[in-house]
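Let's take a friendly walk through this model, charged side chains in hand. Have the sequence and the structure open as you read.

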Amino acid sequence: MSVVGRLNFILLLAVLASGMVLVRSAYEARRLFTAVDRAQAEGRRLEADSQRLQAERHAQATNLRVEQVARERLKMRAISPNVIQAAEDHPKPSPGVAR
C-alpha cells in the first residue's frame, strides 16, 4: 500500500469513528431530553397533588367541619345555659370527723 492509500484508509477510519461518535451523542441527547421531559411532567403532577392536598386540608379545617367531627366522633355538644354542673374546689368536712 502506498502512502496515499494508507492516508485514505486512516481518514476513512477517522470519518467512521466521528460518525459513530455523532450518532452516539445524538442518541444520548434524545435520551436525556426524554428524561428531563419525564421529570418535568412528574414535577407538574406532584405540584398538582400538593395543591389538591392543601385544598383538602383547608376544607378539613373549617369551623363547620371541626364542629361536625366534634359532634359525631367525640360525642360533644354545644354548651347551653340549661346544663350547668358546679364543681367544688374542696369537699366540705363531715361533722364529727376530726382533722
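A salt bridge here is a side-chain nitrogen of Lys or Arg within 4 Å of a carboxyl oxygen of Asp or Glu. Side chains of opposite charge can pair when their charged atoms come close. By this rule, the count in the model comes to five salt bridges.

Before we visit them, a word on the ground rules. This is a predicted model, in which local features need pLDDT of at least 70 and side-chain atom pairs count only at pLDDT 80 or more, while totals for chains, interfaces and linings use all residues. Residues are numbered from 1 along each chain as its sequence is written, and side-chain values use heavy atoms, with hydrogens and water left out.

Let's begin with a group of three. Glu 42, Arg 45 and Asp 49 are joined through a network of salt bridges.

Next, look at helix α1, which spans residues 3–60. Helices are DSSP runs of H or I with at least four residues, strands are runs of E with at least two, and both are numbered from the N terminus. In α1, Glu 28 and Arg 31 sit three residues apart, about one turn of the helix. Their side chains meet in a salt bridge, at 2.3 Å from N to O. How accessible are these two partners? The terms go by relative accessible area: buried is under 20%, exposed is over 50%, and partly exposed is in between, using a 1.4 Å probe and protein chains only. Glu 28, at 25% relative accessibility, is partly exposed, and Arg 31 is also partly exposed, at 40%.

Helix α1 holds another such pair: Arg 52 and Glu 56 are four residues apart, again about one turn. Their salt bridge has an N to O distance of 2.9 Å. Arg 52 counts as partly exposed because its relative accessibility is 43%, and Glu 56 is partly exposed at 40%.

Now move on to helix α2, residues 63–72. Here Arg 71 forms a salt bridge with Glu 67, and their closest N and O atoms are 3.6 Å apart. The two residues are four apart in α2, so about one helical turn separates them. Both ends of this pair are partly exposed: Arg 71 has 45% relative accessibility, and Glu 67 has 44%.

Our last stop is Lys 75, in the segment after α2. What is its phi? Lys 75 has a positive phi of about 55°, although this residue is not a glycine. With 68% relative accessibility, Lys 75 counts as exposed.
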